Amino acid sequence: MPISYFLVLSALLFSVGIYGVLARQNAVLVLLSIELMLNAANINLVAFSAFLQEAGVAGQVFALFVIAVAAAEVGIGLAIVILIFRNRQSVDVDEMSLMKW
Amino acid sequence: MARSYFSQYLTIGLFLVVSVGLVMGTLQLARLLRPNVPSYEKYTTYESGIDPIGQGWAQTNVRYYIFALLFVVFDVEAVFLFPWAIVFERLGTQALIEMVIFIAILALALLYAVKKKVLDWL
Amino acid sequence: MAALAQEILFWALAVMMGIAAIGVVTSRNVVHAALYLVGTLMGAAALYILLLAEFVAWVQVLVYVGAIVVLMLFGLMLTRAPIGRANFDNDQRLMSALTALAVFGVTSYIMVRAFEGQTIDLTRETGTLTSSIGEVIFSTYVLPFEVVSVLLLAALVGAVVIARRD
């Protein structure tokens, strides 16, 4: 199977994630879109691991590390969102302009 | 029985298709056969006979978030335990020391949560 | 025959994942968005099985679908996002769509040009063995592995400090 199939699918997921990050107002939905982008990267890692079979399984190992890092990232990201919600009663990223000049 | 990788997953895929199809099919069949007489009472949420008050979307306590996060942390730990258990015999002491360090650091996280009293029952 | 079946499977998964991903970023209901994300993640897991990486596939199901999405649903419940037909998108939708299209066009053009005619050999009889993954983690990538535990510790401590009420 051509490797470009997987690469184009991953590029599609990444761009959809970019759209979500830029266009969504709810901070939790922005985090969901970031998950889409991390998954696109993972598909690339696994696809190249299958493509370069003689190079070993390093790609799959790094996909595992990306999944673990995504877990930590979501945990801390949601904690920040919850704190903002408690202080401002809103998770709207457009209203988070406290540190804007 | 040594069957190839894809034919084994083909069996799982077939099971998946048949089981999902069975549930969907019977539900659709029931939809065709049953009488359909909607009324307001039928669409209200069932709360053991009491009329529902307020909305179904209630805010949960923020303390439960810590429990969910602890679950995620130890889920990730479990993921690394599987490949470790397989190669443990071959790598021996080296793998043991690595995993002990890993678990000790995560045990620190649990210890911190206990010390900060976020795990106490309300 | 097998190659054709794999190709059909890939296209079915690709269409499903694409639709689910677009559902994530356009759904008007926050819980539906999270469930669309589950669709994308399960599609990715099936794709990993197709790519002979079964351990990564089941880790994806275990950690992403089983834990991270649950955490996301907790986040949605805790922030009491309004359910129903609320406006979740800001006024830069058009610019965002153009940016995403530009990124997609440029990256896919470069990728297709760079890997033209190169194929992945998916005809092996066995998938990647979990033992080979374990061997690589515990002999070559020991340091990243330990750093993961420090990262998880830091995330948990940070979340406890932030979410504790006092």
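**Close-up views of a predicted model**

**View 1. Chain C is divided into domain 1 (2-84 + 92-128) and domain 2 (129-166).** The structure shown is a predicted model. Domain 1 of chain C is assigned in two segments, 2-84 and 92-128, and domain 2 of chain C covers 129-166. Between the C-alpha centres of domain 1 of chain C and domain 2 of chain C the distance is 24 Å.

**View 2. Chain A is built from 3 helices and 0 strands.** Along the sequence, the elements of chain A follow the order α-α-α. Chain A has a radius of gyration of 17 Å, whereas the globule rule gives 13 Å for 101 residues; the value is well over that figure, so chain A is more spread out than a compact globule. Taken along the principal axes, the box filled by the C-alpha atoms of chain A is roughly 55 × 25 × 20 Å. Buried residues make up 62% of the 101 residues of chain A. Among contacts in chain A with a separation of 6 or more, 48% join residues 24 or more positions apart.

**View 3. Chain A and chain C meet through 63 residues of chain A and 73 residues of chain C.** On the side of chain A that touches chain C, at least two residues each are supplied by helix 1 (3-23), helix 2 (27-51) and helix 3 (58-88) of chain A. Helix 3 of chain A provides the largest share of this side, with 22 residues. The residue classes on the side of chain A that touches chain C are 47 nonpolar, 13 polar and 3 charged.

**View 4. Chain C and chain B are in contact through 41 residues of chain C and 39 residues of chain B.** Helix 3 (54-78), helix 5 (130-139) and helix 6 (142-163) of chain C each contribute at least two residues to the side of chain C that touches chain B. Of these residues, 12 come from helix 6 of chain C, which gives the largest share. The side of chain C that touches chain B holds 27 nonpolar, 8 polar and 6 charged residues.

**View 5. Confidence in chain B has a mean pLDDT of 84.** In chain B, 91% of the residues score at least 70. The highest confidence in chain B is found in helix 1 (residues 5-33) of chain B, at a mean of 91, and the lowest in helix 2 (residues 40-43) of chain B, at 78.

Notes. Residues numbered from 1 in each chain as written. Chains lettered and ligands numbered in written order. Predicted model: local features only at pLDDT ≥ 70, side-chain atom pairs only at ≥ 80, totals over all residues. Helix = DSSP H or I, 4+ residues; strand = E, 2+ residues; numbered from the N terminus. Rg over C-alpha atoms; globule rule 2.2 N^0.38 Å. Buried ≥ 20, exposed ≤ 12 C-beta atoms within 10 Å, placed from the backbone. Contact = placed C-beta atoms within 7 Å. Nonpolar A, V, L, I, M, F, W, Y, C, P; charged D, E, K, R; others polar. pLDDT = per-residue confidence, 0-100. Domains from an automatic or database assignment.
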